[in-house]
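Q: Could you take me through this model? I would like the overall figures, followed by some individual residues.

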Amino acid sequence: MRVVVDAEIRERIAQEAEWYRPRKQGLDDDFLGEVGKALERILHFPLACPIVHRRFRQYKLDRFPFHLLYYVGKEEILVVRMYRSVGDPKQK
């Protein structure tokens, strides 16, 4: 089993890390580490997160206001979306 993250979602993760970079030194790395930790947890415990729509599951990051939406297939776990759980950070 492996976790597959679409290129568009990887780009979104990179953009969000860039947004955090000037806010506090190392915060961008903390964000990327949190996403990495989430992907590891999803890989090791793919059925632990709640189903939120049909067969899609949702993982909420611990320290940052984001969710990962994913689908567990037979051979891979596909992350289909990353979205904020609160307002747009660019408006703050």
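**Surface, fold and selected residues**

A: The accessible surface of the protein chain is about 6,100 Å², and carbon and sulfur atoms hold 51% of this area. Areas come from the Shrake-Rupley method with a 1.4 Å probe, and for residues only the protein chains shown count as cover. The model is predicted: local features need pLDDT of at least 70 and side-chain atom pairs count only at pLDDT 80 or more, while totals for chains, interfaces and linings use all residues. Residues are numbered from 1 along each chain as its sequence is written, and side-chain values use heavy atoms, with hydrogens and water left out.

Q: Which elements does the protein chain have, and in what order do they run from the N terminus?
A: The order is β-α-α-β-β-β-β, that is, two helices and five strands. Helices (H or I, at least four residues) and strands (E, at least two) are DSSP runs, numbered from the N terminus.

Q: How compact is the protein chain?
A: Its radius of gyration is 13 Å, close to the 12 Å from the globule rule for 92 residues, so the chain is as compact as a globular protein of that length. The radius is taken over C-alpha atoms, and the rule is 2.2 Å times the number of residues to the power 0.38. Along the principal axes, the C-alpha trace spans about 40 × 20 × 20 Å.

Q: What share of the residues is buried?
A: Of the 92 residues, 36% are buried. Buried means under 20% relative accessible area, exposed over 50%, and partly exposed in between (1.4 Å probe, protein chains only).

Q: Which residues touch the most other members of the largest nonpolar core?
A: They are Phe-31, Tyr-59 and Leu-61, in a core of 21 residues. At least two core residues come from each of α1 (7–20), α2 (27–44), β4 (66–72) and β5 (76–84). Such a core is a set of buried Ala, Val, Leu, Ile, Met, Phe, Trp, Tyr and Cys residues joined through side-chain atoms within 4.5 Å.

Q: And what does Tyr-59 touch?
A: Leaving out residues up to four places away in sequence, Tyr-59 touches Ala-38, Arg-41, Ile-42, Cys-49, Phe-66, His-67, Leu-68 and Tyr-70. Contact means heavy atoms within 4.5 Å.

Q: Where is Arg-63 placed?
A: Arg-63 is in the loop between β3 and β4. With residues up to four places away in sequence not counted, Arg-63 touches Leu-27, Asp-30 and Glu-34. The C-alpha atoms of Arg-63 and Asp-30 are separated by 8.9 Å, although the two are 33 residues apart along the chain.

Q: What is the phi of Arg-54?
A: Arg-54 has a positive phi of about 50°, although it is not a glycine. Arg-54 is in the loop between β2 (51–53) and β3 (56–60), and is exposed, with a relative accessible area of 71%.

Q: Lastly, which residues does Glu-76 touch?
A: Glu-76 lies in strand β5 and is partly exposed, at a relative accessible area of 31%. Its contacts, not counting residues up to four places away in sequence, are Met-1, Arg-2, Val-4 and Tyr-71.
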